[in-house]
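Open the model in your viewer and keep the selection tool ready.

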Amino acid sequence: MRLEATLGLGGNLGDPVSAFAAALTRLRDHDAIRLAALSSVWRTAPWGKLDQPEFRNMAVLLETSLSAEELLDLCLAIERESGRERRERWGPRTLDIDILTYGGQMIDRPGLQIPHPRIAERTFVLAPLAEIAPDEMIGGFRVGALLAATADSDVKRDDAETARLKAMLGRPQRL
């Protein structure tokens, strides 16, 4: 059974856009995943821990036959391959991949919460997600409505980095 899921990608160490390209290529090449849409790359001021470089963020819509746990394991493996080290909460990172939604399901298990528990308060997640899934429901609200309620001027689309990502992937923004 294939279902839709959305992922949020972020990073602020090294070259996050290159890390996104490598992660997306790994996802695209997986037999149980079909990438359906990619958002633009967004620039985001640090959140939670403010004394660090700004982030790049994006969202991905995919179809998968992986279970939520299998998808999480794959995302964590891709993070490790990118050099991700979990040293401090909200700290700098080469790549972060969060499962934002998974087939409309609500999952609350140790190590896996879907929808992502703080999604409704994070413009840096909602802005890219609204590009590719504005009607996705989270907590009874559409992503587009959640974005309108949390708009943050520190979150801006980065057209140059989006173009660079598209060139690295060799595919159009919408797959």
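Start with the pair: α3 passes α4 in a left-handed crossing, meaning that the near helix is turned anticlockwise from the far one by less than a right angle. The model is predicted: local features need pLDDT of at least 70, side-chain atom pairs count only at pLDDT 80 or more, and totals for chains, interfaces and linings use all residues. Residues are numbered from 1 along each chain as its sequence is written, and side-chain values use heavy atoms, without hydrogens and water.

Helices (H or I, at least four residues) and strands (E, at least two) are DSSP runs, numbered from the N terminus.

Now select T123, L126, A127, L129 and A130 in α3. They meet V143, L146, L147 and T150 in α4; contact means heavy atoms within 4.5 Å. The residues of this contact are seven nonpolar, two polar and no charged. Nonpolar covers Ala, Val, Leu, Ile, Met, Phe, Trp, Tyr, Cys and Pro; charged covers Asp, Glu, Lys and Arg; the others, Gly among them, are polar.

**Around α4**

Select residues 143-150, helix α4. Which of its residues are buried? V143, L146 and T150 are, where buried means under 20% relative accessible area and exposed over 50%, partly exposed in between (1.4 Å probe, protein chains only). The buried residues pack against α3 (123-132), β8 (137-138) and β9 (141-142). Turn to the face away from the buried side: A148 and A149 are exposed there.

**Zoom out**

Show the whole chain. Of its 175 residues, 50% count as buried.
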